[in-house]
Amino acid sequence: MEQKTQEEDQIVTPWEVAAEKGGKIDYDKLIDKFGCQRLDQSLIDRVARLTGRPPHVFLRRGVFFAHRDFSDVLDAYERGEKFYLYTGRGPSSEALHLGHLVPFMFTKYLQDAFKVPLVIQLTDDEKCMWKNLTVEESQRLARENAKDIIACGFDVSRTFIFSDFDYVGGSFYKNMVRIAKCVTYNKAAPSFPSSFPHLFSGKDSLRCLIPCAIDQDPYFRMTRDVAPRLGYHKPALIESSFFPALQGETGKMSASDPNSAIYVTDSAKDIKNKVNRYAFSGGQDSIENHRKYGANLEVDIPVKYLGFFLDDDAELEHIRTEYGAGRMLTGEVKKRLIEVLTELVERHRRARAAVTDESYACMMGSRHAPL
Amino acid sequence: MGLTKEQLLARLQELQIVFSQYEHPVVLTVEAQDKKQRFYIVSALAETKVDLKVLSQRLGLGKGGLRMAPEEALAEILQVPLGCVTPFALVNDSARNVSLLLDQGFKSQECCFFHPLSNDMSIALNARDLDKFLNSIGKTPAYVDLEANPTVGKDQPPDLANLVPSDAAVLAVPVEKQGSSQGSEKIHISVNNQQNAVTGYICRMHHNDTFRPKLSSRNLLFVHCCDGQSMVLMCIVDLSLASKAVKPSNASSTKEKSSGAASSSISYADTDKFVEEILEKTKSIVLSEIKEENAEKYREQLATLVSNNISKLGVELKNIATIFKNTAYTEGFKAGIHHQPKRT
């Protein structure tokens, strides 16, 4: 029997992501290994039907590609039973990059499309412990990150954002302890509606849907195991692939290398510079070769990024065809990407400018969220 | 809070920039702004004549697009005290969207004098070192021939268009269209040094004039200039004022400050602005599509084409509508928590 050594396998855990040597992440293998399910076209069509609007670009392009129990959530929704969304961030650095924005952008779409409430958790306590920050610094980072999150355009009347330091206590804490008696892990509590009595009082059977990156699957699997023991529904998951770093698809983006990512604070000039200089190109090394062989779309980063952020399916298809055939050059693709990213970042910055401490206080305030 | 003078000097030393310090009378740099609340610092040598109208065109802002920025902008964006605008203010994060235009004449000077964030001192460094500092804070120095007056037209795009900041700075106190008192042609500057407070007046000038400072009093706006040998005061005036009569002094120089705690959220939930922005964006799409070439090309389909393009605007409009809603809701929340029930 062939033994595959540890190093040859790809590594996908919440702490580390690495492809098999020289390759890229094999998502099919991941789905098999984790035991979650593919988000197939029929499910996507169903979402479009239920929400009465075209499915989000991340669904169309297969960015969010796996799930657990999403169809159950849709079944319940069709019966008139709503659900709520839960997502979070560990505020460890001030700068948010595009990779961070992806889950929030998708969550916003889910909130708008299904008209459901959302809770956003800022795990400042965890970061304080693991990253050796002071309590005050973690809280400050949490507030700053919250503003960027709010700038993604969540509906303030339907969103509850909280930092662990500010909120943990009461029913939330009771759930934490109940869970801790089953398993040592604290991120599970927000998956249960009874943790938020001021939002969901009396609605203990409310389902929870969690958009996350697929490397979080192991965490939430633990939560799902615990849920029935506590008499709750298992939270459903909808999972995304990784947002590739600018320099290529060998893993995730890293906050420690500023050139591996586009940040929401980057100026138009920075974006232009970073894309032109650092975005890994699948184009050939000379124009003649490029015209002859075309670009390698599998590894080309600008085309991948356009896959995330260029909404127009027809235009993307055109670019992929022309570039793949060698009729379009890397420079043109990069130029289009720069336009798209600049507009995105600009829009975000504008929204960010409108977020004040009051907006944050408002979303944190204990009040009922209409369902 | 912005950096202090001491902090700036320490940073220069860290970068091993050699400079000399001189204590002497104040010199300031012009801060200008355009209609879209984007800010510019223009720093020039004494002899250089700077014409805001020309600069405005060269930046692609049209003929009257640039005028002097008001006092609050100075304090808030550059975080320097009055009378102290300096390229170094760009070290502050609040000034990250300010565009800096430097007189290319600096390059030929052995050194130039600038304020290190406070106006009781100046430091002389040469242009290379200024560049080093600017690069260290992520700014690219832009040296411009400030006196040049190239034609700007259909085939000659504005040569300084790339210096326009990519986004507007946000002020806590939104700067509305300036009232006439704001446009006071007398630019008052204060000149202070340690020995005595000298105040002078700078008279408005026609754009072709250079002018000489005479007296000034507590100032509205800025000033500045520097050269290799001495600190000289020079001022640039908004051209649109050229035709107005000179107005009397101090009463008009106190700006109307917007009512105390006006927060930025108010401008984001302003229904007028909101609707105007939607109309403006829609109009610009319609106008850009309805051209003679297109009328020929598309004929009956032109209406559909325009209509489709307007629909694409939907995403952007939804975003600004969300901002509007969130801001309004937040204000309601604020009002709610501050609500005091009536005593019976």
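**Chain B, overall view.** Of the 344 residues in chain B, 50% count as buried (under 20% relative accessible area, with a 1.4 Å probe and protein chains only; exposed is over 50%, partly exposed in between). This is a predicted model: local features need pLDDT of at least 70, side-chain atom pairs count only at pLDDT 80 or more, and totals for chains, interfaces and linings use all residues. Residues are numbered from 1 along each chain as its sequence is written, and chains are lettered from A. Chain B has eleven helices and ten strands (DSSP runs: H or I of at least four residues for helices, E of at least two for strands, numbered from the N terminus).

Arg58(B) lies in helix H2 (residues 52–58) of chain B. Is Arg58(B) buried or exposed? Arg58(B) is buried, at a relative accessible area of 3%. Leaving out residues up to four places away in sequence, Arg58(B) touches several residues of chain B, including Val144(B), Asp145(B), Pro158(B) and Asp159(B) (contact means heavy atoms within 4.5 Å).

Asp69(A) sits in the loop between strand E4 (64–68) and helix H4 (70–78) of chain A. Asp69(A) is not a glycine, yet its phi is positive, about 65°. Asp69(A) is partly exposed, at 22% relative accessibility.

The loop between helix H5 (98–114) and strand E6 (118–122) of chain A holds Lys115(A). Lys115(A) also has a positive phi, about 55°, without being a glycine. Its relative accessibility is 40%, so Lys115(A) counts as partly exposed.

Definitions and conventions:
Heavy atoms only, no water.
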